[in-house]
Every structure is written in structure tokens, then in C-alpha cells.
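Subject: Structure for you to look at

Hello,

Here is the structure I said I would pass on. Please open it alongside this email and check the notes against it.

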Amino acid sequence: MAEPLRIALVGCGLISLYHLRAWQAAGAEIVALCDTDRAKAEARGAEFGVSRIHDDAGEMFAEGGFDAVDIAASVGAHAPVARMAADHGVHIMCQKPLTETVAEAEALIVDVGERVRFMVHENYRFRPHYMTVRRWIDEGRIGAVRHAQISCRGSGLCPREGDVPFLIERQPYLTGFRRNLVFETMIHHLDVLRCLCGPLEVVAARLNRLAEGLPGEDTAAILMTGAGGLLATADGCLVAPGYPPLHGDRLEVIGETGTIVMELNRVFVVGAEEEAVEVDLLGRYQECFDTVMAGFVQGLRDGTPFETDRLDNLETLRLMESVYRAAGVEV
């Protein structure tokens, strides 16, 4: 790869801003933008100096001229666009969740095969506060991980007088999602636990709906087991009054010789709280996107594995889907 990687992006909504900044930071050339709402693509094009605009992905692939596609569109578009990419010999970066079901993901992975490189944009494990926890574990500060607990709390689906809830205003598609918290949000937390603890299996789960008028769950409690009898739990609620509209996380990892706690932006070893590290989550929000795109570019250049390739992410998707099965929800 002597020349810069040429990128086309499909899906020019809110999250595309961070994707495009990250591609620029990675030294890639953004050559084309596509969105079924052409005005969105044109707006991003004006912002990032991209003149080639499409409202049809098939037309964009037919014209060609790029090495990889970043699929940042809604989940229903992921598989069709990924198949187009593979058919045209274009490498794939796809936003999570890869597909709506494990069966669809398995079929897609088989169809794409080894024709092109295929990475899933699961960036949560690369957020700076989680990276701090990962680094401390790798440094041996707490010994081997024996137990972990993760939770998220937010008020984004609490009612607002005279207006729709914050998350519905921000992500209106949630009004049609029959799977919400676990599929859309806590899939990230499950991936983090997999990253820290290794393979996990869901043994029990309960889901609830506290918000009115939405088909999907907004509250969850999940129990998992891992190697050597490890236990891990995950729970969340997006209807938690008093919390910020955008959820915050708490993580506790118990090892053989110590315990790490991450409370929102603060990370410390229990007993050494005075040495806590505080992370500027808003100021460093872009970093996880930059890390993902840089890893994709390096993997293509060096022929090395992607940390979140399609097979690794398939395991996260399977874990997420098993939560619904354990809760008695049809998938």
C-alpha cells in the first residue's frame, strides 16, 4: 500500500462525522460518499471536501475507484452493501451490529468468504477509559481475572414534558425496534466483557420495559460464566431518573491479587484510590474511532489480523442473541 487507502462511505448520518475524521487521521483518501438521503451525503461532502456523491450504493460500486468501503448505514443495509463490496473486490469495514440475527451474519460471512478483508466497527473496547483498564490488566496489576461486573445507566428514555425522550429524538428508529437495550447498546458491554474475560456463556437473563410506548426492552440483567468458573454480570437501564441522557458505565474487575474499578471516567485499583486516573470522555471521544480506522489500515498494509474481525465479532453477536433466548424472547 504505497498509495493512501481509498475509502467510500455508505451512510452519512450522525456517526459518520467521527468515521470521516478518523479516516483522515489514518491518512486515507475519502473518495465517495453515499446515502439514500442525498442531502446528507452532500452535506458531509461539503464538510470534508468530497465531491463524489451517490444516493445508490450499486451505482457507487459500479463506478468503482476505491479500495475499501465503510458501511455506517442502518443495520438493514449492512449485509446487502457488504455483499456488493465482496463482489467488487472491495475490503469491508462494517458498523455494529453486523446484522440483525446470528443466522444472517453467518450467511454473510460464508458469502464473503476470503475474497476481501472484513472488519466490524466495534469501537467500545477501544474507548480510552476501557483501554486504561485493559492496559492495567495486561501489566499484571490485579493478576488473572476471576470475576467481572459491568453496568450502564442513563435517563435517555425517561419522559420529557412537552417533548419525546432524548434518545427517541436522537435515534427515532428506536420506536420500531423490538430489541433495544441489549441489541443496540449493551452489545458493546458484552463485547468488553468478552475482551477482558475471554469466552462467555449466558446462563440467565431478564429483560423489562419501563418506558411507555416502545416495543423494545430498556432494562436488562444478565448472568454469564467463563473459563475456570469465572462469573460475569451485566445490567443496564435507560429509564434511570437523575442520570445523564447519554448513559454512563461502571466496571469492576476482580483479579487474583487486586480489583480495578471504572466509575464513569475514573479508573482506580481498590485500595489505591488516590492514584486514580480520570479520562476526559468528551474531549477524547474521537480516539476510539481513530484507533479502529488506524487498525484497519495497518491490517490491510501488513496483512495482520483485525482485532475485531468478522469472526471475533460473530462471537459477540452470538452472546447478544443468547441473552434474548435466555430471557425467553424469540430471535
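What follows are my notes, beginning with the sheet and ending with the aromatic residues.

First, a caution: this is a predicted model, and the values below are computed from it.

The sheet

Eight strands make up an open sheet with mixed pairing, in the order β8-β9-β10-β7-β11-β12-β13-β14. The edges are taken by β8 (201-208) and β14 (277-278); each has a single partner strand, so one side of each is left without a neighbour in the sheet. Further in, β7 (residues 145-153) pairs with β10 (residues 231-237) in the parallel sense, over seven bridges. Within that pairing, S151 stands opposite D235 of β10. Helix α10 (residues 310-326) lies across β8 and β9 (219-225), and its direction makes an angle of about 60° with β8.

Backbone points

Most residues other than glycine have a negative phi, and most peptide bonds are trans. Two places are worth a look with that in mind. The peptide bond between K96 and P97 is cis, with omega about -20°. P97 belongs to the loop that runs between β5 (91-95) and α5 (102-112). The other place is L264, which is not a glycine but has a positive phi of about 55°. L264 is in the loop between β12 (259-263) and β13 (266-269).

R125 is in the loop between β6 (118-121) and α6 (128-138). Is R125 buried or exposed? Its relative accessibility is 5%, so R125 counts as buried, the cut-off being under 20%. Leaving aside neighbours within four places in sequence, the residues in contact with R125 include Y130, R134, V192, R194, C195, E307 and T308.

H54 is in strand β3 (residues 53-54). At 2% relative accessibility, H54 also counts as buried. The side chains of H54 and E59 are joined by a polar contact of 2.9 Å. With neighbours within four places in sequence left aside, H54 is in contact with A32, L33, C34, D35, R38, A41, E59, M60 and E63.

Aromatic residues

How many aromatic pairs does a search of the whole structure find? The search finds nine. One of them is the stacked pair of F296 and F306, with 5.2 Å centre to centre and 20° between the planes. F296 is in helix α9 (residues 287-302), while F306 is in the loop between α9 and α10, ten residues apart. F296 is buried, with a relative accessible area of 0%, and F306 counts as buried at 5% relative accessibility.

Elsewhere, Y18, Y285 and F289 form one aromatic cluster. R179 is placed with its charged end over the ring of Y324, 5.3 Å from the ring centre.

Regards

Notes:
Residues are numbered from 1 along each chain as its sequence is written. This is a predicted model: local features need pLDDT of at least 70, side-chain atom pairs count only at pLDDT 80 or more; totals for chains, interfaces and linings use all residues. Side-chain values use heavy atoms; hydrogens and water are left out. Two strands pair if DSSP finds at least two bridges between them. Helices (H or I, at least four residues) and strands (E, at least two) are DSSP runs, numbered from the N terminus. Contact means heavy atoms within 4.5 Å. Axes are lines fitted to C-alpha atoms, for helices over the stretch in contact, and angles run from 0 to 180 degrees between N-to-C directions. Buried means under 20% relative accessible area, exposed over 50%, partly exposed in between (1.4 Å probe, protein chains only). A polar contact is a pair of N or O atoms within 3.5 Å; within protein, one must be able to donate a hydrogen and the other to accept it, and residues adjacent in sequence count only if both atoms are side-chain atoms. Rings of Phe, Tyr and Trp (its six-membered ring) pair if their centres lie within 6.5 Å; planes under 30 degrees apart count as stacked, over 60 as edge-to-face and the rest as tilted. A charge sits over a ring if NZ of Lys or CZ of Arg is within 6 Å of the ring centre and within 35 degrees of the ring normal.
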